[in-house]
Amino acid sequence: MGKLRLLFAKEGRAVYISHLDLLRTFQRAFLRQGLVLRHSQGFHPHPLLSFALPLSVGQSSCCELLDFETGGDLEAAGLPEALNRFLPEGVRALACYVPARPVRELAYLQSRVELVYDGGVPQGAAEAVQGLLTGGSVVIQKRTKRKDLADVDIRPMLRSLETAEEPGLLRLDAVVSAQNPGLNPALLAAAVETHLPRLAPDFVRVRRLELLDAGGAVFR
């Protein structure tokens with residue numbers, strides 16, 4: 001059949017499964033389900049599996065994408081139900097289909113960042129955070145691929161932001177750049193800790209809600 005794309009969720013305790021362990025989890029699940037994957041060529045062949053945009057450890061998502069290749073015939077629509085029998089708690093296959101668009105057209109992430117405060121949300125926090133993140137430049141230190149720390153202005157990578165106060169937490173609904181360059185939504189919380197230390201949260205939760213193309217439409 002060739003290349004297929006799997007839409008899946010990663011939630012609950014599964015958020016602590018690392019990228020590499022998640023890759024191995026799917027490899028084992030495909031094997032137990034009886035699906036024959038295509039492999040790379042060369043001295044060290046490996047299954048052709050790739051995540052569209054790897055999720056950071058500790059973050060949840062309901063819209064993850066996994067591309068894979070199979071050499072035989074497969075009823076894609078029935079794969080999620082069959083695969084879920086072999087996936088761990090918190091990882092759930094939602095849909096499988098032939099991809100119509102390349103991953104390079106994935107432009108934005110719609111995410112929710114929750115700043116949790118044990119003693120209640122500080123007064124004026126929503127206005128202060130909104131003003132910080134949507135104002136001028138927002139420079140924070142970010143670790144590079146070489147593991148060095150560098151100053152990065154994250155403001156150009158933030159497309160939109162809405163803040164709302166709920167009991168015990170401040171909710172940030174943000175649309176951020178997905179790639180080239182991409183912005184990890186957790187860095188919005190890091191910016192608050194850096195520039196508004198009195199509003200530093202006691203805990204941060206990040207959830208990926210949707211993948212979007214350059215026009216703001218859902219990417220699948």
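**Figure 1. The lining of the second largest pocket, to which E10 gives the most, with six residues.** This is a predicted model, in which local features need pLDDT of at least 70 and side-chain atom pairs count only at pLDDT 80 or more, while totals for chains, interfaces and linings use all residues. Residues are numbered from 1 along each chain as its sequence is written, and side-chain values use heavy atoms, with hydrogens and water left out. A pocket is found on a 1 Å grid over the protein atoms alone, as an open set of points with protein on both sides within 12 Å along at least five of seven lines, and its lining residues have an atom within 4 Å of a point. Grid points are joined across faces, edges and corners, and a volume is the space filled by probe spheres set on the points. Helices (H or I, at least four residues) and strands (E, at least two) are DSSP runs, numbered from the N terminus. The second largest pocket holds about 210 Å³ of space and is lined by 13 residues, of which Gly58, Ser60, Arg205, Val206 and Arg207 lie nearest its centre. Strand E5 (106-116) and E10 each supply at least two residues of this lining. By class, the lining of the second largest pocket divides into six nonpolar, three polar and four charged residues, where Ala, Val, Leu, Ile, Met, Phe, Trp, Tyr, Cys and Pro count as nonpolar, Asp, Glu, Lys and Arg as charged, and the others, Gly among them, as polar.

**Figure 2. The largest pocket and Asn184, one of the residues nearest its centre.** About 790 Å³ of space lies in the largest pocket, whose lining of 24 residues has Ser56, Lys142, Lys145, Gly182 and Asn184 nearest the centre. The lining of the largest pocket comprises ten nonpolar, nine polar and five charged residues. Asn184 itself lies in the loop between strand E9 (169-177) and helix H4 (186-195). At 26% relative accessibility Asn184 counts as partly exposed, a class that falls between buried (under 20% relative accessible area) and exposed (over 50%), with a 1.4 Å probe and protein chains only. Leaving aside neighbours within four places in sequence, Asn184 is in contact with Ser56 and Gln59, contact meaning heavy atoms within 4.5 Å. Asn184 and Ser111 are 73 residues apart in sequence, yet their C-alpha atoms are 9.5 Å apart in space.

**Figure 3. The two cavities of 30 Å³ or more.** A cavity is a set of grid points where a 1.4 Å probe fits but cannot get out. The largest cavity, with a volume of about 60 Å³, is lined by Phe8, Lys10, His19, Leu22, Phe51, Pro54, Leu55 and Glu64. Strand E1 (2-10) and helix H1 (19-33) each supply at least two residues of that lining, which divides into five nonpolar, one polar and two charged residues. The second largest cavity, with about 30 Å³ of space, is lined by Phe51, Ala52, Leu53, Cys63, Glu64, Leu65, Arg208 and Leu211. Strand E3 (60-70) and strand E10 (203-213) each supply at least two residues here, and the largest share, three residues, comes from E3. The lining of the second largest cavity has six nonpolar, no polar and two charged residues.

**Figure 4. Helix H1, with its buried and exposed residues.** H1 has 15 residues and reaches 21 Å from its first C-alpha to its last, close to the 21 Å expected at 1.5 Å a residue, the expected span being 1.5 Å times one less than the number of residues. The buried residues of H1 are Leu22, Leu23, Thr25, Phe26, Ala29 and Phe30. These residues cover an arc of only 155 degrees around the axis, which puts them on the same side of H1; the arc is that of the directions from the helix axis to the C-beta atoms. An α-helix has 3.6 residues a turn, so residues three or four places apart point the same way. The face turned away from the buried side of H1 carries the exposed residues Leu20, Arg28, Leu31 and Arg32. What covers the buried residues of H1 includes E1, strand E2 (49-51), E3, helix H2 (79-84) and strand E4 (91-97). H1 is followed by Gly34, whose phi is positive, near 90 degrees.
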